Amino acid sequence: MSRKSIMPNIAYDTLRRSFYVTMRARSPQDGAIRRVTRCYPTLERAVAALDSFNAGKLLSRSGSGDKLTVGQWLSYWLEQVVTPSRTASTTHGYTMIVRNHLSPALGRVKLRELTAPQIQLYLRRKQAEGLSSNTVRKHLGVLHNALEQARRQDLISRNEAGQVTPPASTRPDHHFYDSHTMGLLFEALSGTSLEPVVKLAGYLGLRRSEICGLKWDNVDRERKIITIIETRTAVNGRAVDKGTKNRSSTRRLGYRGLEDLDQTLERLWRQRQADMARLGDAYGDGGFVICHDGGQPYQPDYLSNRLQRVLKRTGLPYVTLHGLRHSFASIANSRNVPLFGISKALGHSNTNTTTQVYMHLFDETHLAVVQEVGRAIGGGTV
């Protein structure tokens, strides 16, 4: 027999290399026990599915959640609350934190018995394992959201995650180029398929997902305006097309006067027309600006990896595609572009977001202001 039980209600099929979960529930119509078996590719997903199912049964019986464990609630919350209301990338991120960290550490604790000291200990242990402070803060944020939903449903009286002290946030290291180094990068990539990618990031400050999701329908070649309205991102190794990050991320960016970018986009357009004529029905036209010769869009990670290979070959300083977005902000700031204008171009919801993300850039501007005031007051040099 190829299928063997490895834990209650979960079996592993050695031939199919899959995990089978048996879910039993009493029918409300006739009281008979109904059994459903479902297949999952990993044990983690099988356990999560069983936890979510059992949580639903417990909640339907009494609604009190007295026997509900933290692991069962987290699985139920992911399936019933997060998945229907959040993007695929957000859901995937939450799921990885729950599946790989929160459930293994706290899953067996009864939901109503979870305490702030237990959560505080969890945070300390994750830092001791080598996770960064910012990552551990994300774990706390996910747990807090899940427990807050439980509190609103009267499953717990207080959100214990709100009673702990999170680790101090740390400012990540940012790598970005000045205008000279950006020019060297453009020159190194001239004539390659990466040229339009880095120019869209460097000239317009676009996110990688915005570059990958840009379509010709949103490029007004006559008026020289690009509308950012769609994105393409990677979720668990699979590309997902979706809308922009938020309302402010949907924006129009003019490139009139940017002859370099204009010529690059026109070359892409002519190449697209030539490929369509050459391949005919074999051309997989998805309307993407950045794509293979056959029309198929690139995987986001593929572009990032290609950039790193180019940097190693040319000896240029390390930078990521997102670092080129930072470079855009840095160069704009060095040219005394107002913060409000930089924020709008980047698609931030407000200037506070821009200041928090790019504080390392704006500190230099603040210093220049202070020095100028000092010169005016002191009448000399600072």
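Start with L185, L200, I226 and L324: these touch the most other members of the largest nonpolar core, which has 40 residues. Such a core is a set of buried Ala, Val, Leu, Ile, Met, Phe, Trp, Tyr and Cys residues joined through side-chain atoms within 4.5 Å, and buried means under 20% relative accessible area with a 1.4 Å probe, protein chains only. Next, color the elements that give this core two or more residues, among them α6 (179-188), α7 (195-204), β6 (225-228) and α11 (321-334). Helices here are DSSP runs of H or I, at least four residues, and strands are runs of E, at least two, numbered from the N terminus.

Now zoom in on L324. Setting aside neighbours within four places in sequence, L324 is in contact (heavy atoms within 4.5 Å) with Y177, M182, L185, V198, A201, G202 and V319.

Time for a confidence check. This is a predicted model, where local features need pLDDT of at least 70, side-chain atom pairs count only at pLDDT 80 or more, and totals for chains, interfaces and linings use all residues. Residues are numbered from 1 along each chain as its sequence is written, and side-chain values use heavy atoms, leaving out hydrogens and water. The protein averages a pLDDT (the predictor's confidence in each residue, from 0 to 100) of 85, and 87% of the residues score at least 70.

Definitions and conventions. Buried means under 20% relative accessible area, exposed over 50%, partly exposed in between (1.4 Å probe, protein chains only).
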